[in-house]
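Try each task before you read its solution.

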Amino acid sequence: MNAIDNILKRNSPRELIAPHPTEEEMNIVFNCALRAPDHAWLRPSRFIQVTGDGLVKLSKIFQEFARDNINNLNDTILEKYRNAPFRAPMVIILISNIRIHPKVPEIEQMLSTAAATQNILLALNALGYGGIWRTGKFALNEIVAKYLGLDDNQKVLGYLYVGKTSGSLKKIPQLDISKFVQKWS
Ligand SMILES: Cc1cc2nc3c(=O)[nH]c(=O)nc-3n(C[C@H](O)[C@H](O)[C@H](O)COP(=O)(O)O)c2cc1C
C-alpha cells in the first residue's frame, strides 16, 4: 500500500480477532513507534505488549482497579471490565515515562507518545492488522499506573487493541478541509 493510502484508509475497527501480529512484525511496529518526534530525544514512550495469559492478568488488574476506585460498581459493570481485555488478541498498554527536563515539559513527552501511538496504528495497517486506541476509566489518571506495576512518573495514555479486522468497517467520511485549514499567504 502506498504511504498516503495507508494514512487515508486506516480505520479503527471495533471487532478484532486472532491472529495478532508475529514477533517479527511487532519488531517492525515498535521500531516505527520509536521514530515518533521526540524533543531532546528523551525517549519517553514505553509499551507493554499483552497477549495470552497476559490478557488474564490485565483483566484481573482492571477488576481490582474498578473495585477500589469506581463508585456504584455493580456486577454488570464489573463483568464488562473483566471482559474488556479479551476484545482483541493483543493489547498494547501505552505509557509515557515522564522525566524532568528544563526544555521539555510533561505535555511534550505525552504528545511524543501519542505520535508514537499513531505510528503503531499506521504500521499495523500497513502489515494488514487493525488497532483501536481506547482510554476509558483505566487511563489518563494518577492511580492506574500503580495497579499496572509502573513507576510514579509513568503515565498511562491508553490501550491499543490489536488484531485482524473483523466485521464491517465504518465508512470513512470525506471531510471538507477548508473547514479545518486556514491559509496565510
Ligand atoms: C486518546 C484517545 C482515546 C480514545 N478512547 C476511546 C475509547 O475509550 N473508546 C472508544 O470507543 N474510542 C476511543 N477513541 C477513538 C478511537 O480510537 C477511534 O479513533 C475512533 O473510533 C474513530 O475511528 P478512526 O480512528 O478510524 O477515525 C480514542 C481516541 C483517542 C485519540
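**Exercise 1.** Decide how the radius of gyration of the chain in this predicted model agrees or disagrees with that of a compact globule.

*Solution.* Start from the length: for 185 residues, a compact globule would have a radius of gyration near 16 Å. The chain has 18 Å, which agrees with that expectation. For the extents, take the principal axes: the C-alpha atoms fill a box of roughly 55 × 45 × 35 Å. Buried residues account for 28% of the 185 residues.

**Exercise 2.** Classify R99 as buried, partly exposed or exposed.

*Solution.* Locate R99 in the loop between β3 (90-97) and α5 (106-126). Next, count its C-beta neighbours inside 10 Å: there are 13. Being buried takes 20 or more and being exposed 12 or fewer, so R99 counts as partly exposed. As a further check, find L42, 57 residues away along the chain: its C-alpha atom is separated from that of R99 by 7.9 Å.

**Exercise 3.** Describe the shell around the ligand by residue class.

*Solution.* List the residues: N11, S12, I132, W133, R134, T135, G136 and G158. Sorting them gives two nonpolar, five polar and one charged residues. Finally, look for the largest share: strand β4 (residues 130-134) supplies it, with three residues.

Terms used
Residues are numbered from 1 along each chain as its sequence is written. This is a predicted model: local features need pLDDT of at least 70, side-chain atom pairs count only at pLDDT 80 or more; totals for chains, interfaces and linings use all residues. A residue is near a molecule or strand if its C-beta atom, placed from the backbone, lies within 6 Å of it. Helices (H or I, at least four residues) and strands (E, at least two) are DSSP runs, numbered from the N terminus. Ala, Val, Leu, Ile, Met, Phe, Trp, Tyr, Cys and Pro count as nonpolar, Asp, Glu, Lys and Arg as charged, and the others, Gly among them, as polar. The radius of gyration is taken over C-alpha atoms; the globule rule is 2.2 Å times the number of residues to the power 0.38.
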